[in-house]
Each structure stands twice: as C-alpha cells, then as structure tokens.
Amino acid sequence: SQSLIIAVTEISLSLVLLSITAHLLTRNLRKLATASVQVADGDYDVAIPTQGHDEVAVLSGNFNRMIAAIRDRNKEVLFYQEQLERSNRQLETTMQTARELARQAEQANIAKREFLQNISHELRTPMNGVIGMTQLLGFTALDPKQQKYLDGLEHSADNLLRLITDILDFTAISEKNSRLNITSVNLHEVLETVVQTVQAEAARKNIAMTVNLPAELKKPLLGDKGRIRQVLLHLVNNAVKFTETGSVDIQVELLSQTDKRLTLKILVIDTGI
C-alpha cells in the first residue's frame, strides 16, 4: 500500500510538472505567434521576453534578433526613401526653373528677331534715299577729286545697305528660313568689291592688299554671290582690323572640278595677331 501511494504521488507530481512545462511552452509559443502576426502587419516594434535556455527561448532570441535586423533595415529604407523623395522634389523644381528659363529665352529670341527685322526694314528706306541721292549727284559736273569722293560714298552706302540686308539674312537663318540665291557670279568682281570696301582703312594703316585669283576662275560661275561677298567681307574686315603692319592677301584655290561643279578654297591671310 505504501508503495502504491508513493507511485501515485510520483505520477501526480510528474503530471503537474508536465502541465506546468506544457503551459509555459505553449504560452511562449503563443507569444511568438502573436509577435509574428504583428510583424506580418508591419509592426516591427515587438520583442519576446526570453527566459532560460530551452529551444523555445533560443527560438525567441533568434526571432528578436531577426526583428531588430529588419527594423534597422526598414529605418535605412525609410531614410533613403525620404532622400529620394527630396531629390525628386529638387529635380522637379530644377526642371520647372529650366522650363521657365527656356521659355524666357525663347521670348527673348523672338523679341530679338522682331527687333532686327523691324530696324532693318526701317533702315532700308533712308539708305535707299542716300543711294539715290548719290546717284543723282553723279549726274552733275564733278572734278576728279569730287568724283573719287563720290565713288567712295557710293561704295560705303552700298555696303551699308548690304549689311542691313545681311541682318535680315541672319534673322532668316535663325528662323531656319534661309535659302541660297543661285545667280551668275563673277569672282573677280566680288573680290574687287570687297577690297574696295576696306581699301581706305588698309591705306591708312599702310597695309598692302593683294588678290590672287587664277585666270581660269575669272569666268562667270553659278553660286550665291551675296553669301560669298558676305563671308569674305567679314573675314577681310577682321584681317585689316587686327593687322597693324604688313599685308592682307586673298587667295583662291581650285580644289576639284567636274563637268558641273567646282570646289574652291578662298583664304584670307594676314600678318596680324
């Protein structure tokens, strides 16, 4: 009987211990399950109290470390996301500023083109009057010295009118409306006109002006005489302007020739800076 009582007591104590152990184990597992649900819902501010060194305690500790690592990574992601959003806002502001500057620049270009067109048209009328009066003056009796002065005046007036026309041409180029005007071109006459335009300034500075045009190129050609004269006049003017002593030479070279096309190279060579 005494042995039976001892056996029943041991079994009872074992059942109680087993019940307590099961309760503690299931309680910790329930905490782990609840924390997992919170993490799944996006709440990373959870931690499971760990006691002891059993498997559940080890599992809980590993779970806590995993959540801490996720929480740190999440903070980094949020930080970089804020940085990205800030950069996007700054980029959008910069793009808006750039678009506004582009709009203002386009308005300025339109105003510039309109101004150049208007002023050029306005200047053509009095210049045509000046040219007409010089032509009428040429019909009167003039001594050689007066005729020389009148010739210089006519050349200057013609060049000024061409300059006004050039402004209109540049406006057309900026609007992509430029067209080549193909007509008969006498290179010899074009070069002589350019030289006459700067001859007075070259003589004042004692600069020698020379033109080297091969004889086979003195025949009439087809091209845009106005454009050729325009570019040459610009280059020769600069050459004379920046040359204090020496010479300004214009050389024309024939690079290639076919039945219908010539390729020429025109050089303006000076002894200036």
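Biologist: In which strand is Leu-262 found?

Modeller: Leu-262 is found in strand S5. Helices (H or I, at least four residues) and strands (E, at least two) are DSSP runs numbered from the N terminus. This is a predicted model, in which local features need pLDDT of at least 70 and side-chain atom pairs count only at pLDDT 80 or more, while totals for chains, interfaces and linings use all residues. Residues are numbered from 1 along each chain as its sequence is written, and side-chain values use heavy atoms, with hydrogens and water left out.

Biologist: Is Leu-262 buried, exposed or partly exposed?

Modeller: Buried means under 20% relative accessible area, exposed over 50%, and partly exposed in between (1.4 Å probe, protein chains only). Leu-262 has a relative accessible area of 27%, so it is partly exposed.

Biologist: Which residues does Leu-262 touch, not counting those up to four places away in sequence?

Modeller: Contact means heavy atoms within 4.5 Å. On that count Leu-262 touches Leu-217, Leu-221, Leu-254, Ser-256 and Gln-257. Its C-alpha atom is separated by 9.7 Å from that of Leu-222, 40 residues apart along the chain.

Biologist: In what order do the three strands of the open sheet stand?

Modeller: Strands of a sheet pair through backbone hydrogen bonds, either parallel or antiparallel. Here two strands pair if DSSP finds at least two bridges between them. The order is S2-S4-S5, with mixed pairing. Strand S2 (208–212) and strand S5 (262–270) are the edges, each pairing on one side only. Direction ignored, neighbouring strands are turned by 15° against each other on average.

Biologist: How many bridges join S4 to S5, and over how many do S2 and S4 pair?

Modeller: S4 and S5 run antiparallel and are joined by nine bridges. These two strands form a hairpin with four residues between them. S2 and S4 pair in the parallel sense over five bridges, where Ala-208 stands opposite Ser-247 in S4.

Biologist: At about what angle does H4 run to S2?

Modeller: Axes are lines fitted to C-alpha atoms, for helices over the stretch in contact, and angles run from 0 to 180 degrees between N-to-C directions. H4 runs at about 175° to S2 and lies across S2, S4 and S5. H5 also lies across S2, S4 and S5, running at about 20° to S5.

Biologist: How many residues are in the largest nonpolar core?

Modeller: A nonpolar core is a set of buried Ala, Val, Leu, Ile, Met, Phe, Trp, Tyr and Cys residues joined through side-chain atoms within 4.5 Å. The largest one here has 21 residues, and Met-209 and Val-236 have the most contacts inside it. Helix H4 (187–204), helix H5 (225–241) and strand S4 (247–257) each supply at least two of its residues. H4 gives the largest share, seven residues. A second, separate core of five residues includes Met-127, Ile-131, Leu-161 and Ile-164.

Biologist: Which residues are in contact with Val-236, leaving aside its neighbours within four places in sequence?

Modeller: Val-236 is in contact with Val-194, Val-198, Met-209, Ile-250 and Val-268.

Biologist: What about the loops? Where is the place of Thr-243?

Modeller: Thr-243 sits in the loop between H5 and S4. Its relative accessibility is 0%, so Thr-243 counts as buried. Beyond residues up to four places away in sequence, Thr-243 touches Lys-205, Ile-207, Val-248, Asp-270, Thr-271 and Gly-272.

Biologist: Which side chain does a polar contact join to that of Thr-243?

Modeller: A polar contact is a pair of N or O atoms within 3.5 Å; within protein, one must be able to donate a hydrogen and the other to accept it, and residues adjacent in sequence count only if both atoms are side-chain atoms. The side chains of Thr-243 and Asp-270 are joined by such a contact of 3.5 Å.

Biologist: What is the phi of Asn-206?

Modeller: Most residues other than glycine have a negative phi. Asn-206 is not a glycine, yet its phi is positive, about 60°. Asn-206 lies in the loop between H4 and S2. At 66% relative accessibility, Asn-206 counts as exposed.
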